[in-house]
Amino acid sequence: MSEIKNLKPEGIWRNFYALTQVPRPSGHLEKVQQFLLDFAKKVGVEAFKDPAGNIVMRKPASPGMENRKGVVLQAHMDMVPQKSKDSTHNFETDPIQTYIDGDWVKAKGTTLGADNGLGLAAIMAVMEDKTLKHGPIEGLCTVDEETGMYGANDLPAGELRGDILLNLDTEEEGEMIIGSAGGINLTAEMNYNEVDIDKSHAAVKVIIKGLKGGHSGLEINEGRGNANKLMVRFVSEAIDKYSARLATWAGGNMRNAIPFEAEVVLTLPKDKVTALKTRVDEWKTCFNSEYKGIENDILFFAEDTPMPSMQVPEDVQNNLIRAIYACHNGVIRFIPTIPEKVETSSNLAIVEIGSGKAFVKVLARSSSETMKEYVSKTVESAFQLIGMTTTRDGDYMGWNPNTDSEIVKIMAGIYQNLFNEAPRIQVCHAGLECSIILSKYPHFDVCSFGPTMLSPHTTSERANWPSTQKFWNFLVKTLEQIPAK
């Protein structure tokens with residue numbers, strides 16, 4: 001595991017390794033908050049925890065650079081806690097087990113936490129390196145970005161002193177992001193009275209797994225399978241053709257991750273179990289055919305399971321199936337003026353049914369506020385029609401590009417000089433905290449960039465370690481060339 005400490009640049013990878021040893025799933029950040037405060041004390045920089053729980057570090061300008069504009073380096077400290085079905089990892093107590101596979105750093109059976117641990121490690125590397133040339137620097141380490149950007153939303157106005165915000169939460173080296181989509185969490189809930197099960201029936205658990213999943217912003221346009229949307233097709237048929245009844249449903253666990261597995265427990269007459277299992281195999285073939293070239297090997301299977309004590313009433317069950325079917329998932333449209341970029345999408349992220357409660361969570365994204373409202377209403381309508389209560393939270397606006405940005409122009413020139421190629425200046429469909437921070441510090445000049453990583457929010461998450469050297473060189477040179485006030 002510790003072999004990643006030997007990678008270059010040493011400052012980033014040594015600090016990233018230290019972060020992998022500190023549990024930091026969203027919502028459980030006490031240990032990493034204290035870790036960052038202790039780190040700052042050890043390297044001799046000012047640090048404090050603000051009322052939102054964010055950690056702010058301050059490093060004074062190096063000699064002769066005091067007249068430069070202040071820079072805020074920003075990353076979030078939480079990680080998405082996803083693990084494989086057979087993993088016993090406890091994200092609240094256990095370190096991440098890392099390993100090197102060629103040009104990639106990976107984790108064993110879990111998410112890696114490079115999103116946004118590499119950005120956090122870069123801030124730490126800057127704070128501890130006394131050889132760097134730079135003006136005044138602040139490190140803003142935000143809490144709970146992955147669950148609703150709560151750290152950025154609750155960031156106090158007037159706390160930061162800088163003029164330039166460099167967000168380090170982009171996943172492709174060579175890209176400079178100057179705009180991003182907004183988003184909103186949509187939740188639908190209802191309670192119901194469970195009903196008895198026919199004791200002469202049998203119970204079957206049906207499981208779908210092996211899907212790629214992925215980041216619901218960065219990878220929503222790749223057409224990957226959504227476990228909940230695939231499962232509903234089978235469950236609907238099982239009810240219609242095999243007299244099945246729904247007892248429980250569990251699919252997905254993170255609002256911003258495409259769900260890669262789901263399982264349902266059905267009850268049905270014993271004489272129809274064999275036919276249902278045969279149909280499961282046929283659906284497996286169908287799903288793999290439909291997603292050939294996108295998904296590698298979709299697993300879809302049924303197994304006998306103990307009889308549950310209760311099940312969903314038939315009318316409630318049927319309405320829930322229809323609503324899940326009707327709920328939009330995936331890309332709605334691309335940006336008209338940038339047709340290669342997704343503008344509006346939704347991710348049917350979580351479905352939980354059982355014990356008298358149905359719970360659904362969807363993350364809607366758009367770089368257009370009016371289209372974000374449209375997709376929100378579209379999703380809510382599907383569930384309101386069956387009597388579910390819908391609520392919204394975690395609303396954040398998109399980050400509108402500033403094509404006249406001084407820092408972007410300076411950084412584009414630096415990148416060209418360093419690597420003899422032009423950077424790709426882009427907007428992205430993922431949500432970044434920049435828009436929220438800009439709403440409180442509208443004078444900030446902003447750019448987002450980072451090293452290359454793939455499949456964040458999944459157990460296939462991996463970070464390209466050679467790209468971190470380019471990222472670090474670019475960051476160091478940018479700090480050296482920050483303009484005067």
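Asp144 is found in the loop between strand S6 (137–142) and helix H4 (145–148), where helices (H or I, at least four residues) and strands (E, at least two) are DSSP runs numbered from the N terminus. The model is predicted, so local features need pLDDT of at least 70 and side-chain atom pairs count only at pLDDT 80 or more, while totals for chains, interfaces and linings use all residues. Residues are numbered from 1 along each chain as its sequence is written, and side-chain values use heavy atoms, with hydrogens and water left out.

**Backbone geometry**

- Most residues other than glycine have a negative phi, and most peptide bonds are trans.
- Asp144 has a positive phi of about 50° although it is not a glycine.
- With a relative accessible area of 16%, Asp144 is buried; buried means under 20% relative accessible area, exposed over 50%, and partly exposed in between (1.4 Å probe, protein chains only).
- Ser355, also not a glycine, has a positive phi of about 55°.
- Ser355 lies in the loop between strand S15 (338–354) and strand S16 (357–366), and its relative accessibility of 71% makes it count as exposed.
- Lys8 and Pro9 are joined by a cis peptide bond with omega of about 0°; Pro9 is placed in the segment before H1.
- A cis peptide bond with omega of about 5° joins Asp115 and Asn116, and Asn116 lies in helix H3 (residues 114–128).

**Two buried polar residues**

- Ser26 is found in the loop between helix H1 (10–20) and helix H2 (30–43), and it counts as buried at 12% relative accessibility.
- The side chains of Ser26 and Asp78 are joined by a polar contact of 2.6 Å. A polar contact is a pair of N or O atoms within 3.5 Å; within protein, one must be able to donate a hydrogen and the other to accept it, and residues adjacent in sequence count only if both atoms are side-chain atoms.
- Neighbours within four places in sequence aside, Ser26 is in contact with Asp78, Met79, Asp144, Glu146 and Thr147, contact meaning heavy atoms within 4.5 Å.
- Thr267 lies in strand S12 (residues 262–269) and counts as buried at 0% relative accessibility.
- The side chains of Thr267 and Gln311 make a polar contact of 2.7 Å.
- Beyond its neighbours within four places in sequence, Thr267 has contacts that include Ile197, Ser243, Arg245, Met307 and Gln311.

**Helix H10**

- The 14 residues of helix H10 (residues 406–419) should span 20 Å at 1.5 Å a residue, which agrees with end C-alpha atoms 20 Å apart; the expected span is 1.5 Å times one less than the number of residues.
- Ile407, Val408, Met411, Ala412, Ile414, Tyr415 and Phe419 are buried in H10.
- Seen down the axis of H10, these buried residues fall within an arc of 165°, so they line one face of the helix; the arc is that of the directions from the helix axis to the C-beta atoms.
- Exposed residues Lys409 and Asn417 are carried on the face of H10 turned away from its buried side.
- The cover over the buried residues of H10 includes strand S7 (164–167), strand S8 (175–180), strand S18 (424–428), strand S19 (445–448) and helix H12 (465–480).
- Ser405 caps the N-terminal end of H10, with a side-chain oxygen 3.4 Å from the backbone nitrogen of Ile407.

**Aromatic rings**

- Nine aromatic pairs are found in a search of the whole structure. Rings of Phe, Tyr and Trp (its six-membered ring) pair if their centres lie within 6.5 Å; planes under 30 degrees apart count as stacked, over 60 as edge-to-face and the rest as tilted.
- The Trp13 and Phe16 rings have centres 5.7 Å apart and planes at 85°, so the pair is edge-to-face. Both Trp13 and Phe16 are buried.
- The Trp283 and Phe287 rings have centres 5.2 Å apart and planes at 40°, so the pair is tilted. Trp283 and Phe287 are four residues apart in helix H7 (residues 273–290) and therefore separated by about one helical turn.
- One aromatic cluster is formed by Tyr415, Phe419, Phe449, Phe471 and Phe474.
- Lys470 lies over the face of Phe419, at 4.7 Å from the ring centre. A charge sits over a ring if NZ of Lys or CZ of Arg is within 6 Å of the ring centre and within 35 degrees of the ring normal.
- The charged end of Arg462 sits over the ring of Trp104, 5.8 Å from its centre.
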